[in-house]
Amino acid sequence: MQQILYFFIRNKNFLLFILLFSFSIFLTIQTHSYHKNKFINSSNYISGSIYSIKSSITSYFSLKKENTILLEENTRIRKKLESYKNKITNYNIDTAFVYSKYYFSYAKVINNSYSKTKNKLTINKGINDSLKTDMGVVTSKGIVGIIDNISKKYATVQSILNTNSQINAKLKNSKHFGSLIWNTVDPNIVQLIDIPRLAPVKIGDTITTGGKSTIFPEGILIGEVKDFTLTQDKNSKYLNIKLFNDMTNLEHIHIITNLDANEIINLEKETRDVK
Amino acid sequence: MLNNLIFVNITRFFLLILVQVFIFNHINLFGYVNPYLYILFIIIYPFTANKSLLIFSSFLLGLFIDVFSDSGGIHAAASVFIAFIRPVILKYSFGISYEYNTIKISSKDYLKQMIYVGSMVFLHHFILFALEIFNINHFLLFLNSVLFSSIFSIVIILCTITLFSKK
């Protein structure tokens, strides 16, 4: 008995090291699977509030730029509104009953990373603002990512600049769709894979979300084709996409809530269960 | 004297976390190179002080950085590793006698100091990026990150040591 005790005392540093090291490896591996990482993320109370203090100070520096972006968006939305008005003047529809599947809310980015291989953002809204995991996050220019961890007041977003991210996207003109991934090289260039060989692609073509998931509605802008090559097996095309968003410089974002998400997911689950 | 030492180390611990999280995590030189100054805590932790305490506090230090940068446990793992391996590195960079003299790191001669800081930083970054990238397809990115981040960190850490050393 004493021998064992002596062994522990003599090797206490080594045992402590092994214990803590394996615990950290466990935490690391846990983050590799999508939103399993419940404890160690920046949506928790302490780091969330520290980040929001920081953001409340630094956000003043970019006020001018943010204002221009808001103005641009306002003009764009006003133009759209005018065109709708022209269309529906004759019908006199009560707009209170126009049904929309998607509900938009806004939040502020309080921490952003883009230089790692698995990038995350932290935003200043959480469960209290009725956010849930798996909601889409966009800006006025294009998509940003998907909410993966959430606390009462904060949430972390898995950015599209993350090697775990795979988002359904399509060519705006030809409706061929593929998956959007990131090869970690440039924070403003992402890749679209699995586009069929026969799909007509031109440099400068617009890429939008495909609407094949419950997260993003169809037609949210992503970017434009920068260049493309055939893959080695000559079956599909590999496209480099230049993002419309500047992912290194995000501040105000919109969160998309799909009001039918539960219904769709339940239906799909039932269909699977029947099989 | 002893209380003072504990106080200094605790202050350094939190100060380095804040500096790392708010300044050095956002430098992104050439798009992906960030220095990791926070391991300065492990590097200049008193040479003769309790080793178990160092290993445990390094774990906490790394975990704090992980919480702020959403990276699972990679900083914790790398920090714990260099805290554990530190006596070995001290031995080969300063010779066997480091345990008996309590000279501060800033007063050693520059070559020994550079070997010590260099090997600590390199080992830390090697484990850090190996765990972060975790993919054989991005091997070149891994080598690049280790090399450039190490150089950047070594320069920053040596500058900090020189700047804050008491004459």
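Buried means under 20% relative accessible area, exposed means over 50%, and partly exposed lies in between, with a 1.4 Å probe and protein chains only. By that rule, 41% of the 275 residues of chain A count as buried.

A word on ground rules. This is a predicted model, where local features need pLDDT of at least 70 and side-chain atom pairs count only at pLDDT 80 or more, while totals for chains, interfaces and linings use all residues. Residues are numbered from 1 along each chain as its sequence is written, chains are lettered from A and ligands numbered from 1 in the order in which they are written, and side-chain values use heavy atoms, with hydrogens and water left out.

Let's start with chain A. Its secondary structure comes to 5 helices and 12 strands. Helices (H or I, at least four residues) and strands (E, at least two) are DSSP runs, numbered from the N terminus. Next, contacts, meaning heavy atoms within 4.5 Å. Take the contacts in chain A with a separation of 6 or more: residues 24 or more positions apart account for 61% of them.

Now the domains. Chain A is divided into domain 1 (45–156 + 250–260) and domain 2 (167–243). Those bounds come from an automatic or database domain assignment. The centres of the two domains, taken over C-alpha atoms, are separated by 23 Å. The contact takes 17 residues from domain 1 of chain A and 13 residues from domain 2 of chain A.

How much area is buried between domain 1 and domain 2 of chain A? About 1200 Å², and carbon and sulfur atoms give 76% of it. Buried area is the accessible area (1.4 Å probe) that two parts lose on being put together, summed over both. Three residues stand out on the domain 1 side: A:Tyr102, A:Ile143 and A:Ile146 supply 40% of the area that domain 1 of chain A buries against domain 2 of chain A, more than any other three residues.

What about charges and polar atoms here? A salt bridge is a side-chain nitrogen of Lys or Arg within 4 Å of a carboxyl oxygen of Asp or Glu. Between domain 1 and domain 2 of chain A, the count is 0 salt bridges. A polar contact is a pair of N or O atoms within 3.5 Å; within protein, one must be able to donate a hydrogen and the other to accept it, and residues adjacent in sequence count only if both atoms are side-chain atoms. Across this domain interface the rule finds 2 residue pairs in polar contact, both residues at pLDDT 80 or more. On the domain 1 side, the elements that give two or more residues are strand 3 (136–138), strand 4 (143–150) and strand 12 (252–258) of chain A.

Next, the partner chain. 36 residues of chain A are in contact with 33 residues of chain B. The area buried between chain A and chain B is about 3000 Å², with 67% given by carbon and sulfur atoms. Salt bridges across the interface of chain A and chain B: 0. Residue pairs in polar contact across the interface of chain A and chain B: 5, both at pLDDT 80 or more. On the side of chain A that touches chain B, the elements giving two or more residues are helix 2 (12–32), helix 3 (45–58), strand 1 (102–112) and strand 2 (118–123) of chain A. Helix 2 of chain A gives the most, with 14 residues.

Let's zoom in on one residue, A:Lys120. Its place is in strand 2 of chain A. Is A:Lys120 buried or exposed? A:Lys120 is buried, because its relative accessible area is 10%. Not counting residues up to four places away in sequence, A:Lys120 touches several residues, including A:Asn111, A:Val157 and B:Asp70.

A:Lys120 also forms a salt bridge with A:Asp148, the closest N and O atoms being 3.6 Å apart. That pair links distant parts of the chain: A:Lys120 is in strand 2 and A:Asp148 in strand 4 of chain A, 28 residues apart. A:Asp148 counts as buried, at 2% relative accessibility.

The structure holds 4 salt bridges over all chains. Another one joins the side chains of A:Glu218 and A:Lys170 (2.5 Å, N to O). A:Glu218 lies in the loop between strand 9 (206–209) and strand 10 (221–230) of chain A, and A:Lys170 in strand 6 (residues 167–171), so the pair ties together parts that are 48 residues apart in sequence. A:Glu218 counts as exposed at 53% relative accessibility, whereas A:Lys170 is buried at 7%.
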